[in-house]
Structure formats: structure tokens, C-alpha cells
Amino acid sequence: MSALPSDPPSEPTEDPAEHAAAPPPATGMAVPATPADLAPARKRPKPGERRVQILQTLARMLEQPGAERITTAALAARLEVSEAALYRHFASKAQMFEGLIEFIESSVFTLVNQLVEREASPAVQAQKITAMLLQFGERNPGMVRVMVGDALVFENERLTTRMNLFFDRVESQLRQCLRAAAEAAGSSTPTVDAQALASALVALMVGRLHRYARSGFKRLPTEHLDLALARLAS
């Protein structure tokens with residue numbers, strides 16, 4: 001599954017005095033090395049790397065079981081930068097959460113498209129989409145708190161709306177798969193069948209992701225999943 005890459009080094013804070021010209025040494029005297037002379041130079045992140053680092057750190061902070069609302073002050077402290085440095089990359093904390101949501105959307109729907117292209121059976125497509133989304137959550141626990149809305153409770157309402165639309169889009173994809181499966185099985189009500197099963201599968205996803213977050217990421221969302229999907233599809 002896709003995941004945000006590992007963190008680049010933290011951005012160093014600069015002291016203008018470090019760049020001042022040092023006085024020349026007295027003739028014949030050796031100048032002892034300082035820790036700064038011996039330490040390897042720390043590189044500044046390239047353009048765009050700092051944005052990724054901010055999102056990585058936010059996601060990791062969300063992975064802490066029982067984590068309280070994350071403030072920009074706490075995020076800046078974890079990154080060892082000022083809050084002003086955060087706002088050079090994101091206009092608000094809501095934009096940071098939108099960055100996480102964009103990662104979720106891009107990762108999940110890229111995989112959905114791949115599954116649909118590779119799997120010929122519509123019924124199996126639906127099962128694999130359900131399993132894939134739960135596996136994504138299992139491997140990205142910080143993202144789960146965004147997906148189920150726990151991390152968005154005190155944030156901008158549009159973030160919760162966007163995550164709701166994400167699951168609506170997943171359900172729509174499942175309906176397409178399941179309608180084709182119902183038609184192939186000779187159902188007289190393929191649309192109704194597809195709507196009912198797609199709704200049940202999304203409820204299964206959301207419920208298991210909620211349980212994963214509320215258990216401190218101990219109850220895995222893929223627990224006994226094959227049996228559950230087999231019963232739902234039967």
C-alpha cells in the first residue's frame with residue numbers, strides 16, 4: 001500500500017552570527033576544531049519536501065492512541081520549527097488535513113482503478129475493493145482517524161464533508177460492480193440488490209475503521225474479513 005515517505009531531516013535554525021567572518025588566527029597558532037567544524041553540514045529540504053515532512057509528522061502524531069486535538073504549536077515543536085514556518089507551506093491547519101485527505105483519495109482510488117482493470121468478476125471486484133480499503137487503513141493508522149472523522153471533530157466542517165463524499169464515491173463504485181454481478185446472476189432487481197449490498201459493505205468498512213481507532217489500533221480492521229465478505233456476498 002502507498003504510504004507517505006519517511007521524514008527528511010528537520011530544518012535547521014540559523015544563527016546570523018554563524019555567517020559572520022571569523023578573525024584570522026595569530027601567526028603560528030593552530031586553531032582548534034569546534035563541534036560545528038566537525039559535524040556534517042545539514043541540508044535544507046528541497047522545495048516541496050517541507051510540505052511532505054509536515055504531513056508525515058501530522059500523520060504520525062495522529063497515530064498516538066488517545067491523541068488530543070493537535071495544535072499547530074505542537075506540530076511546529078515536533079518539527080523543531082516556528083509556527084510561522086508551517087504557514088509558509090499551508091495557509092491553515094485545515095489545509096494540512098486537506099493534504100492528508102488528498103493522499104487518502106489519491107492512494108485509494110488509484111488502487112480501485114487497478115483492481116477494476118485487473119479483475120474480470122464484478123463480485124470479486126467489490127470484495128477486493130473492500131479488503132483493499134481496510135488494508136490501507138490498517139497500514140496507515142494516522143489516516144484512519146481522518147477517514148472516520150475523529151481527528152476532524154474540532155476542525156473545519158468542510159473536511160468532514162469531504163470525507164463523507166469519499167465514502168459516497170467508494171459506495172458508488174461498489175454499486176457499479178455489484179449491479180453488474182447481480183445482472184450476471186439473473187437478478188430481477190439488480191439495482192436494488194446492488195444498493196443494499198454496497199451500503200452494507202461501506203458500513204462494514206466504516207465500522208471496522210472506527211473500531212480500529214477506538215481500540216488504540218489494536219483491533220485490526222481485516223480481522224476475519226474473508227469470512228465476513230463471503231457471508232455478505234452469499
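User: Which residue meets the side chain of Arg219 in a salt bridge?

Analyst: This is a predicted model, where local features need pLDDT of at least 70, side-chain atom pairs count only at pLDDT 80 or more, and totals for chains, interfaces and linings use all residues. Residues are numbered from 1 along each chain as its sequence is written, and side-chain values use heavy atoms, with hydrogens and water left out. A salt bridge is a side-chain nitrogen of Lys or Arg within 4 Å of a carboxyl oxygen of Asp or Glu. The N to O distance here is 2.9 Å, and the partner of Arg219 is Glu223.

User: Is Glu223 buried or exposed, or partly exposed?

Analyst: Buried means under 20% relative accessible area, exposed means over 50%, and partly exposed lies in between (1.4 Å probe, protein chains only). Glu223 has 28% relative accessibility, so Glu223 is partly exposed.

User: How many salt bridges does the structure hold?

Analyst: Besides the pair of Arg219 and Glu223, Arg69, Lys93 and Glu155 are linked in a network of salt bridges. The total for the structure is 10.

User: How many residues apart in sequence are the parts that Arg214 and Asp150 tie together?

Analyst: The side chains of Arg214 and Asp150 form a salt bridge, with N to O at 3.4 Å. Helices (H or I, at least four residues) are DSSP runs, numbered from the N terminus. Arg214 belongs to helix α9 (residues 190-214) and Asp150 to the loop between α7 and α8, so the parts tied together are apart in sequence by 64 residues.

User: In which helix do Glu171 and Arg175 both lie?

Analyst: These two form a salt bridge, their closest N and O atoms being 3.7 Å apart. Glu171 is buried at 18% relative accessibility, whereas Arg175 is partly exposed at 30%. They are four residues apart, about one turn of the helix, and both lie in α8.

User: Why is the pair of Phe109 and Phe166 called edge-to-face?

Analyst: Rings of Phe, Tyr and Trp (its six-membered ring) pair if their centres lie within 6.5 Å; planes under 30 degrees apart count as stacked, over 60 as edge-to-face and the rest as tilted. By this rule there are four aromatic pairs. The centres of the Phe109 and Phe166 rings are 5.4 Å apart, and the pair is edge-to-face because the planes are at 65°.

User: Which helices hold Phe109 and Phe166?

Analyst: Both residues are buried, Phe109 at 8% relative accessibility and Phe166 at 2%. The pair ties together parts that are 57 residues apart in sequence, because Phe109 is in α5 (residues 93-118) and Phe166 is in α8 (residues 157-184).

User: Which residues do ring pairs link into a cluster?

Analyst: The rings of Phe166 and Phe167 have centres 5.0 Å apart and planes at 80°, so this pair is edge-to-face. Phe167 is buried, at 8% relative accessible area. The cluster consists of Phe109, Phe166 and Phe167.

User: How many of the 14 residues of α2 are buried?

Analyst: Among the buried residues of α2 are Ile54, Leu58 and Met61. Helix α2 is largely enclosed by the rest of the structure, because the buried residues number 10 of the 14.

Key. Helix = DSSP H or I, 4+ residues; strand = E, 2+ residues; numbered from the N terminus.
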